[in-house]
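Please keep the sequence and the coordinates open while reading.

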Amino acid sequence: MPPKLRLTLFGDVAIQKGKKKVEGFSSRASEALFLYLACNPRPIARETLAELLWADRTSTQGLTNLRTSLTSLRKELDAYLVVTRDSLAFNNDADAELDVDEFETQLKKLGLPDQAHMPQNDEDALALQTALDLYRGDFLEGFHLRDGQGFEEWVVLQRERLKRFAREGFRLLTHFQLGQAKYTEASLSATRWQKLDLYDEEACRAQMWALMRTGQKNAALTCYQNLKQKLKQDLDVPPSSATIDLFQRLQQIDFPPTINLPYFSSSFLGRKNEIEKLENLFINSQTRLVTLVGTGGIGKTRLAVASTRFLTERKPAQFLHGVYFVSLSVVNSAQEIPLRVAEAIGFVFQGTDPLQKQILNFLKDREVLLVLDNFEHLMNESGTAIAFIVEMLREASNIKLLITSRERLNLFNEIVFDISGLDVPAEDEFSGQEYSAVALFSQNAQRIQQNFSLDDSNKKSVAQICRLVNGVPLAIELASAWMRNYSCEQIAEQIKTDLDFLASPYPDMSAGHKSLRAVFERSWSLLTVDEQITFAQLSIFRGGFTLEAVEAVILQNSSNNYPQEGSAEILLSTLVDKSLLQKHIDGRYDIHPLLLQYASEKLSASSTDLETVSARHTSHYLTFLTQLGDGESPEQRNAIRPERDNIDRAWIHAAEKNMLHELEQTTGILHSFYSAQSWFQEGIDLFEQVLEITNKREQAEANGLTVELLSRKARMHTQIGQLEKAGADLTQASTLLDSLNDSSRLSRVLDSLAITSYYAGDYVRAMNLAQESLQISESEQNLDGMAFSLNFLGSCAKVKGDYEQCRNYFQRAFETYQTMKDEIGAAMVLNNLGNLLQAQGNYSEAQTYYIQSSEIFKTQDHVHGAATTLGNAGKLAGRQGDYELAEKLLTESLVLKRKINDQRGEAVALAGLGDVGLLVKDYSEAKIKFLSALKIAQQIGDAQLMLDILSALALLADEQNQNELCQHLFAYVLNHNGTQEESRQRVAKLKDKYSQENGKWNQEAVEDVAIIVLKEK
């Protein structure tokens, strides 16, 4: 098999056969002949070629020259030619790579040149960048054939056609990079764009913007001057008005821009995600107004300042006329706002025009970010303050506003950015300072006690304090101030019992922040009586609530004077606007935990009967469950998930009120829900709480519910390996069964006992119990019980090695689940059948079952299982040589992984697609996928995954003859302790190869190989 041929026709012509460069053509015409054939996929008649290359010769002379040139070519390149009596052609079946073909193919995928669109994301941009990097110069740059007029005309046409592709590509890439605030990259792209057309004013303007945004004002102005001179000398025309206007605009800008932001004595902690999101908002050209909304003390001001400072440090020229902070906390009327803005930006009023008009005229052509802090108290009924904001946005089209407020402004182009507390440790985590809430407590505590340090004696209490106040900065600061008088443990206990404990002892604190009580009372006092009653009653909910729940629990049979139509939504919207409620994107409402505690106090102190509201709450959620179904389908789980806390509260209240029938009706639904969600411990905890309550009464009528709870709880215990606890539950349930004479419950207990025996290794007992349960279910035609027992018996048979019996059980279980239309059960059996076939070595059929199982999981919204199964199936397909299927499955896995925000899974899927590209020799696509995967792996800090991807990139570098890079990569992978054995074996052959070729092996480990790789892109 002849070696791979690589032809580089952009820029200097280069032809390489394997490791050897092809040189010494017998004539220029001979080389031109080969290049022409390589660029044309179809056979060309000999007469046509003779005329193309020797236009000034007779037909006979031309054909003679053609034969002579062909004889010379065939000595070196015969394997890449198809020669017949009448025609010549390039051998399209030969292993050859042509940069022109790859360039054009990749750009056409993106719709260029006529139907091109801006890249939609970084991956699209990387694909475009990779294709454009092939354009190292014009097509056949510097290559001429003196006597070949036809050939020269063909070259000119091809050159202009390909240049058009490149120009459009660089135009799109440059504008995408400018829109993403990637100004350095945009400048590089604009430079290459300009080189393709020295008179392109759009390219010049893009370059001017890119240079200005990177702080190179003089270079931006020089770019304009060079264009102006070129247009004058060559075309005798001036630049367009758009280009002249931009030049004049940039001339007037001082660099660096003014940054007028306050500083604080304490360091800013946490909020990394919020800061990054705000940065992304403000580099988006469509963003005009962002309102940071949150309760008093949540940290709106600090976040506003920190995020804008972060933005200006990373993008110093994002706002070319500056960033200014305007404090409105002491402003008493809307008429004072223009004065405060002018003071912040250094504007001096002159003349008799109204102040508002003057400030707006000054801002009209300026690119400014204004931070307006503490706006809520200016939102009076006259709407003057809001009107000023609207006018500012309309008249000054280049300014952007960041406003902090306890209420949203309710403007059309407003982006509401809700703020919650700092991150806090979970109940079982006490690791300390990496949580910003804990760090804030420690920072403030050290001001009170200089010797304070977070250690094993106090970090559990500190974590509890932070959780109790849900990470609210003001609450944390107030709580830490009592370190002089109390221990951390005492503070935590006081917070739990007395909200008033958080009153601040510092007289120099602002009046609004004297205590959390003052903050809450201020918001409370602004509510109407009906709003106060509603807010108090809302404290009955847990974990949020829906509009429908409020109408059923709060407003139904209410004595309040609510309007009939839409009253609930109106009231809730009012409370949302006052930051007492939060409305989520899914339409649900929620109350901050501290506000919930405050509202509960109000409810207890009001004339409203707490027990009546509790009863309506319990009735609503138990009815909700019974009307829902079995709790297993995706739709039902989606409905239950957000209501879990409300359901738990309703269940506990029902147990306390001895509502045994209602609890029995909903036990199976919740068990199915928790099992399908794999939330086993959560289900166990809820069932245990109800059992504790019902067991205290020692009443015989509760035995049925007790057995139901115990048997289902035992099933969940076994799912997480708690066999001893499961056994204890089942022993108690078996004892109670004697008094019930209930075969359905007996069957369920037998199934649970069978499972515990199976996990204990007693397969004979497990099968006997399952057979007994199956007989009961069959006698009662209990399909659910039959399917479960059959599936379980199949697993037992598989363990014993009885594969024929195993398959029979699984097949019967699958058919039963199908009869029941239980999709999840069917998917589980299919997965088990796949495992059976894998054990038998039947990989092809096993793959079929895995794919079918994954399809069902997808339909049932079992996203994680479906995505993982698809990915595994895709990798297996690749190993089996079915690359089309592998790409299909891995792409589907990638889509699902992105849907659930599984970043590692996304990177794994991308790397798998890169492997497919490598296998089918689509090196450009493989490189894009590997680099995208590597970037994610770097971001999440997954060193092992990075090493896996680097090993694949080493193979890619080898395929592309990037020898030095390849050696760096495989040396790094082989020398790293974290490399998996599979990855080591994958690149080990490269070590042997380069040892043989180079006589030595580069042992040097590269400390930051990822940077080297990304530079190579």
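In which kind of crossing, left-handed or right-handed, does helix 25 pass helix 27? The crossing is left-handed. The coordinates come from a predicted model, and every value below is computed from them.

Two packed helices are described by the angle between their axes and the distance between the axes. For helix 25 (residues 610-626) and helix 27 (residues 644-656), the angle is about 115 degrees and the axes are 9 Å apart. Since 65 to 115 degrees counts as roughly perpendicular, helix 25 is therefore roughly perpendicular to helix 27. On the side of helix 25, the contact is made by E611, S614, A615, H617, T618, Y621, L622, F624 and L625. Helix 27 contributes N646, I647, R649, A650, W651, H653 and A654. By class, the residues of this contact are nine nonpolar, five polar and two charged.

Helix 25 also packs against helix 22 (residues 547-555), where the axes come within 8 Å and cross at roughly 140 degrees. This angle makes helix 22 oblique to helix 25. Helix 22 passes helix 25 in a right-handed crossing. The contact joins A549, A552, V553 and I554 of helix 22 to V613, R616, H617, H620 and Y621 of helix 25. Six nonpolar, two polar and one charged residues make up the contact of helix 22 with helix 25.

The next topic is the aromatic rings. A pair of aromatic rings is described by the distance of the centres and the angle of the planes. The structure holds 17 aromatic pairs. One of them is formed by F139 and W154, with 5.7 Å from centre to centre and 80 degrees between the planes, an edge-to-face arrangement. F139 sits in the loop between helix 5 (122-132) and helix 6 (149-179), whereas W154 belongs to helix 6, and the two are 15 residues apart. Both F139 and W154 are buried.

Because W651 lies in helix 27 and F687 in helix 29 (residues 680-695), the pair ties together parts that are 36 residues apart in sequence. W651 is buried, as is F687. Returning to F139 and W154, ring pairs link these two with Y36, F143 and F151 into a cluster.

D236, in the loop between helix 9 (217-235) and helix 10 (241-251), has a phi near 55 degrees, a positive value in a residue other than glycine. N410, in the loop between strand 12 (400-405) and strand 13 (414-418), has a positive phi near 60 degrees. With a relative accessible area of 53%, D236 is exposed, whereas N410, at 48%, counts as partly exposed.

Finally, the whole chain. The secondary structure comes to 45 helices and 15 strands. Of the 1017 residues, 51% count as buried. Among contacts with a separation of 6 or more, 68% are between residues 24 or more positions apart.

Definitions and conventions: Residues are numbered from 1 along each chain as its sequence is written. This is a predicted model: local features need pLDDT of at least 70, side-chain atom pairs count only at pLDDT 80 or more; totals for chains, interfaces and linings use all residues. Side-chain values use heavy atoms; hydrogens and water are left out. Axes are lines fitted to C-alpha atoms, for helices over the stretch in contact, and angles run from 0 to 180 degrees between N-to-C directions. Helices (H or I, at least four residues) and strands (E, at least two) are DSSP runs, numbered from the N terminus. Angles under 35 degrees count as roughly parallel, over 145 as roughly antiparallel, 65 to 115 as roughly perpendicular and the rest as oblique. A crossing is left-handed if the near helix is turned anticlockwise from the far one by less than a right angle, and right-handed if clockwise. Contact means heavy atoms within 4.5 Å. Ala, Val, Leu, Ile, Met, Phe, Trp, Tyr, Cys and Pro count as nonpolar, Asp, Glu, Lys and Arg as charged, and the others, Gly among them, as polar. Rings of Phe, Tyr and Trp (its six-membered ring) pair if their centres lie within 6.5 Å; planes under 30 degrees apart count as stacked, over 60 as edge-to-face and the rest as tilted. Buried means under 20% relative accessible area, exposed over 50%, partly exposed in between (1.4 Å probe, protein chains only).
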